[in-house]
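Here are my notes on the model you sent, as numbered points. Please read them with the structure open.

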Amino acid sequence: MAGTGVFEEIIEGQVFKYYTDGEWKKSASGKSVAIINPTTRTTQYKVQACTQEEVNKVIDSSKIAQKQWAKTPLWKRAELLHKAAAILKEHKAPIAECLVKEIAKPAKDSVTEVVRSGDLISYCAEEGVRILGEGKFLVSDSFPGNERTKYCLTSKIPLGVVLAIPPFNYPVNLAVSKIGPALIAGNSLVLKPPTQGAVACLHMVQCFHLAGFPKGLISCVTGKGSEIGDFLTMHPGVNCISFTGGDTGIAISKKAGMVPLQMELGGKDACIVLEDADLDLVAANIIKGGFSYSGQRCTAVKVVLVMESVADLLVEKVNAKVAKLKVGPPEEDCDITPVVSESSANFIEGLAKDAKTKGATFCQEYKRDGNLIWPLLIDNVRPDMRIAWEEPFGPIVPVIRINSIEEGIHHCNASNFGLQGCVFTKDINKAILISDAMETGTVQINSAPARGPDHFPFQGLKDSGIGSQGITNSINMMTKIKSTVINLPTPSYTMG
């Protein structure tokens with residue numbers, strides 16, 4: 001159970017503590033932030049409302065701890081990460097319980113997220129030893145006009161204090177995707193979890209605490225974004241920001257200054273379907289890609305662009321699968337569970353109503369009960385409808401009928417987003433040409449968009465983000481190059 005056993009020390013009364021200096025503490029504010037269960041729409045948990053002064057102390061502790069951690073041998077850093085991964089997987093049940101109650105993630109998917117996160121940490125430890133254990137050796141006479149009088153040695157060194165801000169939909173997995181690379185690279189880590197998902201993050205941090213990481217190296221501060229959000233992202237002690245979320249990321253990027261940024265800010269992932277596509281495969285991937293976790297995924301299929309000649313048959317096949325989706329509470333492993341908040345549900349409903357008013361075809365009756373929205377396929381969507389462009393983050397998939405490949409590519413590229421896209425066809429030549437033309441960070445051929453496996457590069461273009469994720473890319477991003485040049489009094493040639 002959450003907050004019991006090895007997790008007893010992270011809670012006092014009804015309020016979970018925050019973590020700093022290797023200790024679980026109560027905020028001096030005396031205030032807390034409520035976490036609403038999306039299913040019951042009542043308060044499930046409470047977390048500390050940390051103050052700006054407490055944030056200052058956390059950053060100071062992080063800076064001190066990082067200096068010593070940078071001197072810790074790579075093998076030792078990796079050893080501690082492996083230990084944390086094992087502890088995390090051992091305690092998957094209580095952490096998964098938090099995900100079910102905080103973000104209404106189906107129970108089986110919640111367990112999968114925790115296990116996947118442990119695997120990510122272990123892979124990160126191994127990859128970090130390989131990447132950071134190598135340097136480069138350059139000689140000066142490879143550049144015109146130079147003798148071999150300079151030897152340059154380069155290595156990767158940590159940035160300092162990394163601020164990690166994961167989103168509500170994968171609060172554990174997208175937290176460790178930032179924590180693992182930061183720590184193996186020699187950085188310290190300050191985690192600001194999302195409100196919905198904060199308690200799962202606190203349990204995850206306790207697993208790192210139990211693994212025996214140095215005091216002050218990892219911190220987790222909770223609270224209202226309006227009070228500590230900007231204060232954290234603009235703090236002069238922060239040396240790198242890794243953020244996953246929505247429009248807030250654009251605001252952060254404008255305020256952060258000369259700080260390396262890694263950001264993934266959502267998408268409007270297009271699914272282009274050609275005449276020769278395997279429509280059964282397409283339908284299965286639209287269901288998986290569009291409706292998994294109620295569509296609350298950055299890489300969800302968010303618009304289907306299908307050739308008119310096969311549109312009727314595809315819609316028929318998708319509708320047959322939609323009818324089989326189980327709708328209900330996450331505890332029962334339903335396919336469609338409540339979306340994260342009432343405001344999210346209201347936004348999704350607004351997109352549906354706009355499409356209905358403008359003449360779109362609802363393939364199912366629109367149905368909502370609180371935060372629970374039944375799956376809906378919307379056919380005959382046109383570009384003048386909001387759902388054609390806006391990201392619903394819910395179980396609604398729009399279908400736009402197209403008459404040419406160029407029309408599909410144009411719609412995809414006209415979006416301000418550019419995270420992922422997919423194309424379904426049996427013609428690999430067409431698939432590659434379309435992939436090259438799509439302005440997205442990744443294109444999946446004959447499969448729905450997906451972030452994983454976690455070591456694959458993951459990046460967005462345009463408003464979908466800055467930088468690239470994936471274990472190797474994140475480690476490289478959270479380090480900088482340090483060069484040492486040896487100047488020789490006379491040219492030197494090996495065996496010359």
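**Notes on the model**

1. The backbone nitrogen of Glu342 lies 3.4 Å from a polar atom of the Asn371 side chain. A polar contact here is a pair of N or O atoms within 3.5 Å; within protein, one must be able to donate a hydrogen and the other to accept it, and residues adjacent in sequence count only if both atoms are side-chain atoms. The side chain of Asn371 also reaches the backbone oxygen of Pro38, at 3.1 Å.

2. This is a predicted model, in which local features need pLDDT of at least 70 and side-chain atom pairs count only at pLDDT 80 or more, while totals for chains, interfaces and linings use all residues. Residues are numbered from 1 along each chain as its sequence is written, and side-chain values use heavy atoms, with hydrogens and water left out.

3. Asn371 is found in the loop between β17 (368–369) and β18 (372–373). Helices (H or I, at least four residues) and strands (E, at least two) are DSSP runs, numbered from the N terminus. Asn371 is buried, with a relative accessible area of 5%; buried means under 20% relative accessible area, exposed over 50%, and partly exposed in between (1.4 Å probe, protein chains only). Not counting residues up to four places away in sequence, Asn371 touches Pro38, Arg41, Pro338, Val339, Val340, Ser341, Glu342 and Ala345, where contact means heavy atoms within 4.5 Å.

4. Glu54 is found in helix α1 (residues 52–69) and is buried, with a relative accessible area of 9%. Its side chain and that of Ser27 are joined by a polar contact of 2.8 Å. A polar atom of the Glu54 side chain also lies 2.9 Å from the backbone nitrogen of Thr51. The C-alpha atoms of Glu54 and Ala28 are separated by 8.2 Å, the two residues being 26 residues apart along the chain. Leaving out residues up to four places away in sequence, Glu54 touches Tyr18, Lys26, Ser27, Ala28 and Ser29.

5. Thr20 lies in strand β3 (residues 18–20). Thr20 is buried, with a relative accessible area of 4%. Residues up to four places away in sequence aside, Thr20 touches Lys25, Val58 and Ser219.

6. Helix α3 (residues 92–103) has twelve residues, which should span 16 Å at 1.5 Å a residue; the end C-alpha atoms are 16 Å apart, which agrees. The expected span is 1.5 Å times one less than the number of residues. Nine of the twelve residues of α3 are buried, among them Cys98, Leu99 and Val100. The buried residues of α3 pack against β5 (32–36), β6 (43–48), α2 (74–90), α4 (107–132) and α6 (198–211). Ala104 follows α3 and has a positive phi, near 55°.

7. Helix α9 (residues 279–291) has 13 residues and reaches 17 Å from its first C-alpha to its last, close to the 18 Å expected. At the start of α9, a side-chain oxygen of Asp278 comes to within 3.1 Å of the backbone nitrogen of Asp280. The buried residues of α9 include Leu279, Val282, Ile286 and Phe291. Elements packed against by the buried residues of α9 include β14 (270–273), β15 (303–307) and α10 (308–322).

8. How do α9 and α10 cross? Their axes come within 9 Å and cross at roughly 50°. That makes α9 oblique to α10. Axes are lines fitted to C-alpha atoms, for helices over the stretch in contact, and angles run from 0 to 180 degrees between N-to-C directions. Angles under 35 degrees count as roughly parallel, over 145 as roughly antiparallel, 65 to 115 as roughly perpendicular and the rest as oblique. Residues of α9 including Ala283 and Ile287 meet residues of α10 including Leu314 and Val318.

9. Most residues other than glycine have a negative phi, and most peptide bonds are trans. Tyr293, in the loop between α9 and β15, has phi near 45° and is buried at 4% relative accessible area. Ser294 is in the loop between α9 and β15, with a positive phi near 55° and a relative accessible area of 0%. The peptide bond from Gly452 to Pro453 is cis, with omega near -5°; Pro453 is found in the loop between β23 (442–445) and β24 (458–459).
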